[in-house]
Protein chains: 2
Amino acid sequence: DTIKNFFRTVIRDWIFLALLGFIMAALSFGMDYAILNLQNGQMSLFDLVSPYHVTLAYLVWVGYVVGLILLSAVCAHYIAPQAIGSGIPEMKTILRGVILKEYLSVRTLISKMVGLTLSLGSGLPMGKEGPFVHVASVVASQLTRLVHGSSGGIFENESRSGEMLAAGCAVGVACTFSAPIGGVLFSIEVTSVYFAVRNYWRGFFAATCSATLFRILKMFSVSAAVTVEAHYQTNFPPQNVFLPQELPIFALIGLICGFAGSLFVYLHRRTVLFLRRNFIAKMIFQKYWLLYPIFIATFISSLSFPIGLGKFMGGQERFSHTMKEFFVNCAWSAPTNNSYSCGNMTSSSDFDITHWTGETGNYSPFVTLAVFQSVYFFLSILASTLPVPSGIFMPVFVLGAAFGRLVGEGVFTLYPGGYLSGDIIFFIRPGVYAVVGAAAFCGAVTHTVSVAVIVFEITGQLCHLLPVMIAVLIANAVASYLQPSIYDSIIRIKNLPYLPDIPHTTSLYHQMLIEQFMISPVVFIAKDSTIGDVKKSLESKKRIRAFPLVENLESLALVGSISRGQLQRYVEAQLGTKARFAEATRRV
Amino acid sequence: DTIKNFFRTVIRDWIFLALLGFIMAALSFGMDYAILNLQNGQMSLFDLVSPYHVTLAYLVWVGYVVGLILLSAVCAHYIAPQAIGSGIPEMKTILRGVILKEYLSVRTLISKMVGLTLSLGSGLPMGKEGPFVHVASVVASQLTRLVHGSSGGIFENESRSGEMLAAGCAVGVACTFSAPIGGVLFSIEVTSVYFAVRNYWRGFFAATCSATLFRILKMFSVSAAVTVEAHYQTNFPPQNVFLPQELPIFALIGLICGFAGSLFVYLHRRTVLFLRRNFIAKMIFQKYWLLYPIFIATFISSLSFPIGLGKFMGGQERFSHTMKEFFVNCAWSAPTNNSYSCGNMTSSSDFDITHWTGETGNYSPFVTLAVFQSVYFFLSILASTLPVPSGIFMPVFVLGAAFGRLVGEGVFTLYPGGYLSGDIIFFIRPGVYAVVGAAAFCGAVTHTVSVAVIVFEITGQLCHLLPVMIAVLIANAVASYLQPSIYDSIIRIKNLPYLPDIPHTTSLYHQMLIEQFMISPVVFIAKDSTIGDVKKSLESKKRIRAFPLVENLESLALVGSISRGQLQRYVEAQLGTKARFAEATRRV
């Protein structure tokens with residue numbers, strides 16, 4: 001019995017959290033595997049048919065994407081439409097105490113997982129992180145029911161399930177990037193307003209369990225050499241990756257990303273509302289709802305067709321490759337005789353940037369990067385309006401990295417030889433700029449600071465800590481004055497029942513005086529007011545529903561309030577038709 | 001006027017936080033410089049006199065330490081005794097809403113800064129981090145007064161100054177280790193129970209400003225090569241620093257550190273209470289209060305005398321060197337022909353471990369490490385009882401690192417050739433064990449998870465993320481079941497007016513039934529009880545101060561409660577001396 005009690009008091013929560021972590025790691029691993037195979041399937045098919053005819057290749061390329069998206073949409077539509085979209089806005093709402101039971105059902109879980117695998121397998125610009133937060137939360141919620149046996153009803157404890165859901169959110173983010181610390185902080189920032197430090201460890205423990213299993217699984221599946229690698233491991237030197245003189249440029253990146261992030265949120269909201277309100281769009285797409293995904297999937301996949309426009313935009317490549325190219329520790333724009341050119345810094349076997357610079361260096365990376373960004377910016381927004389499970393974090397991350405790389409290459413072109421200090425040459429490292437841009441843009445769109453920590457864990461390095469922190473803070477500051485975060489924006493669009501945020505405090509609030517938001521002069525009724533005064537007050541202020549009542553006109557001492565209805569009845573009794581008849585009768 | 005308003009609403013808080021960061025960076029930089037010079041001064045003096053006579057060298061060595069400690073103690077005693085000790089327990093109390101004004105005065109600031117410089121200059125095992133949190137909080141508090149002009153009184157706003165103080169704490173930790181993220185999280189964990197996410201950015205912004213200035217200052221003072229280095233930069237490869245098979249060993253380190261950390265907190269409290277309560281200690285040390293620092297300083301500095309015992313314990317070296325040796329990426333115990341031996345991995349110019357292994361490798365590093373740890377364990381506790389400003393974090397960090405290194409060297413000895421997987425050799429890296437040990441022991445003593453983040457920032461690497469997280473979580477779990485954190489322990493010792501923590505939740509609480517903490521059978525008075533029953537109840541339950549009153553003995557429906565006093569007066573009136581006399585008189 002002592003053992004049983006020990007189990008109940010001490011061990012059970014740990015086991016529960018460990019289980020949550022392990023399940024999520026297994027799910028994440030399995031889904032990653034399926035997604036990778038789906039994505040590779042498209043390339044294999046393409047390679048198979050492209051020798052025969054371009055049109056055939058095009059049809060196969062586009063058909064594959066459209067097919068997967070359609071399947072995903074059908075799956076989401078018929079199994080559980082709650083699976084559509086990111087899931088973070090809904091979790092945010094649920095964690096504020098609103099009960100949205102259908103969002104946490106097994107049905108939603110299946111719909112979300114199958115749909116997400118299919119939609120990510122299509123290779124459209126979508127992310128895994130938001131939906132995975134949703135998946136982890138459903139798993140946590142179902143586990144709570146299983147372990148504790150209570151199936152709702154009066155024994156359901158709100159604060160307990162809240163704690164478990166919060167741990168679920170943390171694990172969801174942590175799994176996606178194998179970033180246990182950043183994941184916990186991100187989920188706290190995104191979902192909570194106040195946060196209990198005593199429950200801090202839950203998220204960390206579950207996320208660590210998840211990361212442990214994930215890495216062990218990876219070790220047994222992939223070759224030993226990549227056992228314990230960060231997601232997009234960078235290989236900058238531990239010291240001197242930037243000069244203090246570059247810090248203002250990083251601050252500028254933060255500033256621009258702040259504005260661009262707000263624009264992204266704004267355009268996303270306008271697009272969604274346009275599709276919902278526009279007469280033609282409504283008629284076509286809501287009646288034949290499968291038309292919209294077909295249309296958008298065809299459009300986006302056509303743009304990325306490798307033989308067409310795709311060759312300027314890494315059409316054949318997926319996020320993981322693109323990100324590695326953005327973060328690489330060399331300068332794309334460096335001529336081959338420069339010691340910091342990519343040819344000299346990397347071995348070509350594991351690395352290829354020819355779709356940015358052309359096979360013979362015949363495209364300018366500035367042009368390809370600029371085109372990629374502007375196209376990708378709108379495609380990400382379009383893709384996020386599809387009725388399939390999809391996240392927004394990863395596309396935003398790629399966009400930010402592309403922007404940072406562009407700026408970095410620009411600065412590098414200004415100082416191609418680096419800066420000599422003492423006997424050390426400091427090269428401008430566009431890869432660091434890409435990391436900074438990715439963090440700043442994500443920070444601006446999601447309104448989080450902890451994205452910086454996620455970036456450190458994703459790249460596995462901390463040498464770029466200071467530039468990243470500076471840019472993220474500035475981007476956050478700018479973005480939070482201009483637009484809500486993408487998640488709050490979606491909450492607004494979806495009209496979810498959500499308590500608004502407590503605004504950020506500034507010292508202004510502490511010095512605000514009541515007179516600043518009171519009106520004056522105040523309309524009031526005095527004990528010695530005449531009936532005429534009362535009538536005038538009632539008529540002049542139609543919208544005031546209760547009048548303050550004061551002792552007399554000199555002292556103005558408040559004695560209470562009186563409602564418009566009471567006053568009206570009183571005035572009616574004194575001056576109304578009946579009263580006048582009575583008075584007339586008396587006088588006759 | 002619009003500009004003025006913009007300044008008031010948007011910019012002022014940012015300027016305030018930036019200013020706080022910059023001031024703290026400058027203070028930290030200046031103090032580091034002074035401390036370094038004081039420590040080097042001792043070595044120079046020692047080198048100057050040691051050729052003449054050992055006794056002279058000993059006297060100079062010990063005299064220097066005793067002198068500095070005495071100066072520090074006198075300074076703390078006469079300027080402001082509030083400066084003594086760490087400061088974190090006091091800040092924790094203040095942030096919970098207790099007003100301890102004298103802890104935030106300019107006088108305390110001066111006393112703490114001068115005292116801290118002197119005591120750290122002496123080279124005793126003390127840390128800078130706790131006192132620096134205190135210093136930063138005083139600066140934040142004084143800045144608030146300056147910027148906002150309110151000098152207390154009714155316009156003082158508690159929540160505003162609380163926010164500013166919290167930012168101050170964050171900057172204090174961040175400055176000490178140039179760890180902006182870990183610093184913010186650590187200060188949140190240590191000082192707060194609930195934490196507003198909307199004020200998250202304050203700490204990050206101030207800490208980032210501080211880190212920026214600190215690094216710029218460092219660039220101009222030291223050579224360019226070390227511009228932007230982490231505090232104790234490690235140089236493990238980014239991948240494969242550990243095998244999944246090693247994870248259980250790391251978990252074991254966490255477990256042991258959890259127990260050792262609790263022991264540390266327990267012994268620290270016993271020592272302080274012994275000194276306060278023991279008759280002889282009280283008589284001697286409280287009457288002649290300068291005797292105690294002289295005694296302890298002499299004792300500790302004698303042990304570290306380089307020609308005596310000190311040569312086995314790195315007596316000549318300071319923390320920064322010791323830490324670098326613990327974290328170094330090679331095995332001390334490896335024979336010179338092993339490719340992972342320190343001779344093969346590092347250049348001897350910047351590195352020297354001969355005081356651990358002997359000039360010719362004639363000491364076993366296992367013995368020196370074990371001796372170092374056990375001696376250092378008690379010396380750290382002793383040093384922390386001195387009446388000078390001193391922190392506990394750094395000594396604990398060193399202790400943990402030494403323990404980790406010891407375990408790591410042990411494991412290395414078992415597998416000196418490493419583990420061959422594919423065509424890659426995985427060496428056991430004792431340096432990783434040292435990092436893990438340092439984090440786990442610190443986590444156990446301070447009850448924080450964020451110490452893991454501080455460790456990543458201190459070492460500038462993330463490759464050891466998983467082992468560190470696992471060990472820190474386990475150490476935390478064990479320690480929090482055994483002892484309070486060192487800071488809570490000091491709060492208890494000092495009897496600071498502190499609201500207790502809300503306990504960690506486990507799902508048990510949500511399933512607890514009222515019957516589990518109610519007593520049965522319940523003593524009660526019924527409306528139909530006889531006076532005899534009432535009297536019996538009163539006599540049998542002397543400690544119950546109020547009795548439940550029920551409708552009748554069958555229904556047991558509660559109608560209210562009645563106090564012992566009322567019942568006693570009633571029984572007295574019916575059965576007391578007076579009543580009996582009255583009855584007797586009546587019957588006569």
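User: What separates B:R405 and B:E409 in helix 16 of chain B?

Analyst: About one helical turn, because they sit four residues apart in that helix, which covers residues 393-414. Keep in mind that this is a predicted model.

User: What makes B:R405 and B:E409 a salt bridge?

Analyst: The cut-off is 4 Å from a Lys or Arg side-chain nitrogen to an Asp or Glu carboxyl oxygen. The side chains of B:R405 and B:E409 meet at 2.6 Å, N to O, so the pair passes the 4 Å rule.

User: And are those two buried or exposed?

Analyst: Buried means under 20% relative accessible area. B:R405 comes in at 0%, and B:E409 is at 0% too, so both count as buried.

User: Why is B:E90 called buried, and how is B:K494 classed?

Analyst: B:E90 has a relative accessible area of 2%, so it is buried, given the limit of under 20%. B:K494 has 36%, so it counts as partly exposed. Their side chains meet in a salt bridge at 2.6 Å, N to O. That pair links distant parts of the chain: B:K494 is in helix 20 and B:E90 in helix 3 of chain B, 404 residues apart.

User: What does the salt bridge between A:K527 and A:E551 tie together?

Analyst: The N to O distance there is 3.5 Å. A:K527 lies in the loop between strand 4 and helix 22 of chain A, and A:E551 in the loop between strand 5 and strand 6 of chain A, so the pair ties together parts that are 24 residues apart in sequence. A:K527 has 55% relative accessibility and therefore counts as exposed, while A:E551, at 32%, is partly exposed.

User: How do you know that strand 4 and strand 5 of chain B pair?

Analyst: Pairing takes at least two bridges. Two bridges join these strands, which run parallel, so they meet the rule. B:A526 stands opposite B:V550 of strand 5. Strand 5 also pairs with strand 6 of chain B, in the antiparallel sense over five bridges, and there B:V550 stands opposite B:L558.

User: What makes helix 17 of chain A mostly covered?

Analyst: 17 of its 17 residues are buried.

Definitions and conventions. Residues are numbered from 1 along each chain as its sequence is written. Chains are lettered from A and ligands numbered from 1 in the order in which they are written. This is a predicted model: local features need pLDDT of at least 70, side-chain atom pairs count only at pLDDT 80 or more; totals for chains, interfaces and linings use all residues. Side-chain values use heavy atoms; hydrogens and water are left out. Buried means under 20% relative accessible area, exposed over 50%, partly exposed in between (1.4 Å probe, protein chains only).
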